[in-house]
Amino acid sequence: MSSTALSQFSIPFLMGNSLNAWSEALAGFYLFGLPLGLVIIAAIPLVFIALYSLTYGVYGERKISAFMQDRLGPMEVGKWGILQTIADILKLLQKEDIVPTSADKFLFVVGPGILFVGSFLAFAVLPFSPAFIGANLNVGLFYAIGIVAIEVVGILAAGWGSNNKWSLYGAVRSVAQIVSYEIPAAIALLCGAMMAGTLDMQKINILQSGSYGFAHFYLFHSPIAWLPFLIYFIASLAEVNRAPFDIPEAESELVAGYFTEYTGMKFAVIFLAEYGSMFMVSAIISIVFLGGWNSPLPNIGSVALNDWTNGPVWGAFWIITKGFFFIFVQMWLRWTLPRLRVDQLMYLCWKVLTPFAFISFVLTAIWEICIP
Amino acid sequence: MSNPTYTVIFYLFAAITVCSAAFVVFTRNVIYSAFSLLFTFFGAAALYVFLSADFIAVTQVVVYVGGILVLLLFGVMFTNSIMKVQKSEVINIIPGTLLLVGMIGAMLYTFYTTHGWMPSETLLQGSIVERIGFETMSRYVLPFEMVSILLLAALIGAAFLARFDKSSK
């Protein structure tokens, strides 16, 4: 699908090439004489993602962990416990909202907010289908890598504001981990960006589309691409504090890490942010290496599977399926691998992943120059 | 710029930047001022977006929020007595006010007397990122390489200083 074919699916105001063009077009939208364009459009993916994260994320985690440990998991509420998460939400809403007396009131309250906003900011540049992308920035990938920084500040605010040694240790560990693992993650994604020759998320997807389906994905372009793919996947696990890199919330050492003191909806918000981040990194890895909204099915002769399964709605289906697949792998790993020690964590980042990321960077550059 | 929403959003971000910057200066709690810097940097990044400098805006967030602010927060968190700030006995209101008025006056004077913004003759075509990459690797390649050597030297120096000293034991 070329970029000219793309525009006919698209609503005009979603196709701005820069942040300016987008906000300018949105600013023209008035409701009851009030300029509400920005509020309404921004809310659409957020509502969807929040619903997904709470219900399917939590339910999936519980069910997968149960199956891996040969249990049944939640079975009481609804068929196969499918309504369990809704019961959980109702319970969390009723819980008393406790703010510890010795906590720093302001930072304690504002911390989960910053964390939540930071983890959902990157969703603005994720292309959910050929016709749906929040902001089609020409620096989209760079923005998605960089905006995680705000989440870090939220974690520090929550951990320090709790005025609890476990929380502070959890926050410091978490921040050290995220800041360290950003380096191999960014270099690995840069390999993908180098193969595409652009940082525009939508263009990266368009460049990976073609009639042979999965054969056009960057993962299958060169054998070298597997290296940055694996490096980014490992580093992204650390960035979202998932096992085996969950030392910030290591239950056996730190109770619950930086959110030890949180109750009720504040706890739910932190949890939601974690599931949001999980989907975000899964979507980024599938966009850069696995074609994002492109169908993996190839055209076989007259059976044009690729043409039938591509389009705006199919695009959303494929990217969400790919995202769910990586979330499943994350959960699978969580219930399989033991936790790393702090020194092992830093060893892995600085002495294994970073050098290999540089090697893959150089190899990708050579491959791109030598093999057209 | 004529669009009212556009103007409203601009003033919103300008207000966030200025108010949080004022909070950084005036609050007595060091940790609050460090956290307030987040909003200042964020607002500054938003103002870059208004200048169509998307790349610089994202770089601002990556470098200042992801690097400098986190380092600053770590530094502040490991300082003693954050809450109990000792008030200074010496309060120089009159010289301070004079200095403030003088500096603001000088800046406003320069701002009004010099020429306004000078828009470039040729408009930028295409992607900013490609342009930045092209310029860095062609016209500004020597400064770019020099800065990278400087940063490498700083990194080695920092690693050397932080290294565990074997001879002392």
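**Figure 1. Helices H7(A) and H8(A) run roughly antiparallel to each other in this predicted model.** Helix H7 covers residues 148-161 of chain A, and helix H8 covers residues 165-196 of chain A. Their axes come within 7 Å. The axes cross at roughly 165°. Angles over 145 degrees count as roughly antiparallel, and H7(A) and H8(A) are therefore placed in that class. The crossing of H7(A) past H8(A) is left-handed.

**Figure 2. Residues of H7(A) and H8(A) make the contact between the two helices.** On the H7(A) side, find Val148(A), Val152(A), Ile155(A), Leu156(A), Ala158(A), Gly159(A) and Trp160(A). On the H8(A) side, the residues include Ser167(A), Leu168(A), Gly170(A), Ala171(A) and Ser174(A). Val175(A), Ile178(A), Val179(A) and Glu182(A) also belong to the H8(A) side. An α-helix has 3.6 residues a turn, so residues three or four places apart point the same way.

**Figure 3. Asn163(A) sits in the loop between H7 and H8 of chain A.** Asn163(A) is not a glycine, yet its phi is positive, at about 55°. Is Asn163(A) buried, exposed or partly exposed? Asn163(A) has 16 C-beta neighbours inside 10 Å, so this residue counts as partly exposed.

**Figure 4. Asp70(A) is a residue other than glycine with a positive phi.** The phi value is near 60°. Asp70(A) lies in a loop of chain A, between helix H3 (37-68) and helix H4 (84-94). Around Asp70(A) there are 6 other C-beta atoms within 10 Å. A residue is exposed if that count is 12 or fewer, so Asp70(A) is exposed.

Figure 5. The mean pLDDT of chain A is 78. Of its residues, 83% reach 70 or more. Residues 1-20 of chain A have pLDDT below 50. In the model, this stretch has 36 contacts beyond near neighbours in sequence.

**Figure 6. Chain B has six helices and zero strands.** Along the sequence, its pattern reads α-α-α-α-α-α. Chain B has 169 residues, and 16% of them are buried. Among its contacts with a separation of 6 or more, 48% join residues 24 or more positions apart.

**Figure 7. Helix H6 (residues 141-162) of chain B is hardly covered.** Of its 22 residues, the buried count is zero. From first C-alpha to last, H6(B) reaches 32 Å. This is close to the 32 Å expected at 1.5 Å a residue.

Conventions
Residues are numbered from 1 along each chain as its sequence is written. Chains are lettered from A and ligands numbered from 1 in the order in which they are written. This is a predicted model: local features need pLDDT of at least 70, side-chain atom pairs count only at pLDDT 80 or more; totals for chains, interfaces and linings use all residues. pLDDT is the predictor's confidence in each residue, from 0 to 100. Two residues are in contact if their C-beta atoms, placed from the backbone, lie within 7 Å. Helices (H or I, at least four residues) and strands (E, at least two) are DSSP runs, numbered from the N terminus. The expected span of a helix is 1.5 Å times one less than its number of residues. A residue is buried if 20 or more other C-beta atoms lie within 10 Å of its own, exposed if 12 or fewer, and partly exposed in between; C-beta atoms are placed from the backbone. Axes are lines fitted to C-alpha atoms, for helices over the stretch in contact, and angles run from 0 to 180 degrees between N-to-C directions. Angles under 35 degrees count as roughly parallel, over 145 as roughly antiparallel, 65 to 115 as roughly perpendicular and the rest as oblique. A crossing is left-handed if the near helix is turned anticlockwise from the far one by less than a right angle, and right-handed if clockwise.
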